[in-house]
Amino acid sequence: MARLLIVGGGCRALDLARQLRDEGHAVRAVTRTEGGREAIEAAGAECVIADPDRIGTLRYALDNVTLVLWLLGTARGDNVAELHGSRLEMMLWRTIDTTARGLVYEAAGTVDAAALAAARALVERFAAYNEIPLRVLEADPADRAAWLQAARSAVDELLA
């Protein structure tokens, strides 16, 4: 059994959480507001009220986590570039010296392609330097079935 932290991903991530929970894994899913709690808990995940734009709010969410899934390829808002830039980098540095032993980064979606490419390069450099296993999720989030299959493969490979 593993504990996974899912940041972002919306309904796709909840589908993933259900599958992982059905297999006995513990899943934490992040939402910015109480409004997301019901759907997260209905998927069998532990709800964490936190904001990936304020990395400090994710501090305790990392406790005893095996994998971190940064699934913000379809994020919207004024801070999207930061979520794939400075906020992502801060989160990566916070995973050092934790129990996190793998990362999944979503590098596809509606976010600007240049921002996703730069973030992917950042994650790859970080993972290589710190010897943390990484899987990059490139499946199109618009194809929910293919995305879910790719996300499951990424998680399964990291847990193998």
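**Reading helix α6 and the cores**

Q: Which exposed residues sit on the face of α6 turned away from its buried side?
A: Ala145 and Gln149 do. Keep in mind that this is a predicted model.

Q: Which residues of α6 are buried, then?
A: A residue counts as buried under 20% relative accessible area. In α6 that picks out Trp147, Leu148, Ala151, Arg152, Ala154, Val155 and Leu158. Their arc around the axis is only 160°, so they lie on the same side of α6.

Q: What do the buried residues of α6 pack against?
A: Look for heavy atoms within 4.5 Å. Here the partners are β1, α1 (10-22), β4, β5 and β6 (134-137).

Q: Which members of the largest nonpolar core touch the most other members?
A: Out of 33 residues, they're Leu5, Trp70, Leu88, Met91 and Tyr105. Elements giving at least two residues each include β1 (3-8), β4 (67-71) and α4 (86-95), while α5 gives the most, with 7 residues.

Q: What is Leu88 in contact with, leaving aside neighbours within four places in sequence?
A: Trp70, Glu82, Leu83, Tyr105, Ala119, Leu122 and Val123.

Q: Where does Leu148 from that buried side of α6 belong?
A: Leu148 is in a second, separate core of 26 residues, whose members also include Ala43, Leu67 and Leu71.

Terms used:
Residues are numbered from 1 along each chain as its sequence is written. This is a predicted model: local features need pLDDT of at least 70, side-chain atom pairs count only at pLDDT 80 or more; totals for chains, interfaces and linings use all residues. Side-chain values use heavy atoms; hydrogens and water are left out. A nonpolar core is a set of buried Ala, Val, Leu, Ile, Met, Phe, Trp, Tyr and Cys residues joined through side-chain atoms within 4.5 Å. Buried means under 20% relative accessible area, exposed over 50%, partly exposed in between (1.4 Å probe, protein chains only). Helices (H or I, at least four residues) and strands (E, at least two) are DSSP runs, numbered from the N terminus. The arc is that of the directions from the helix axis to the C-beta atoms.
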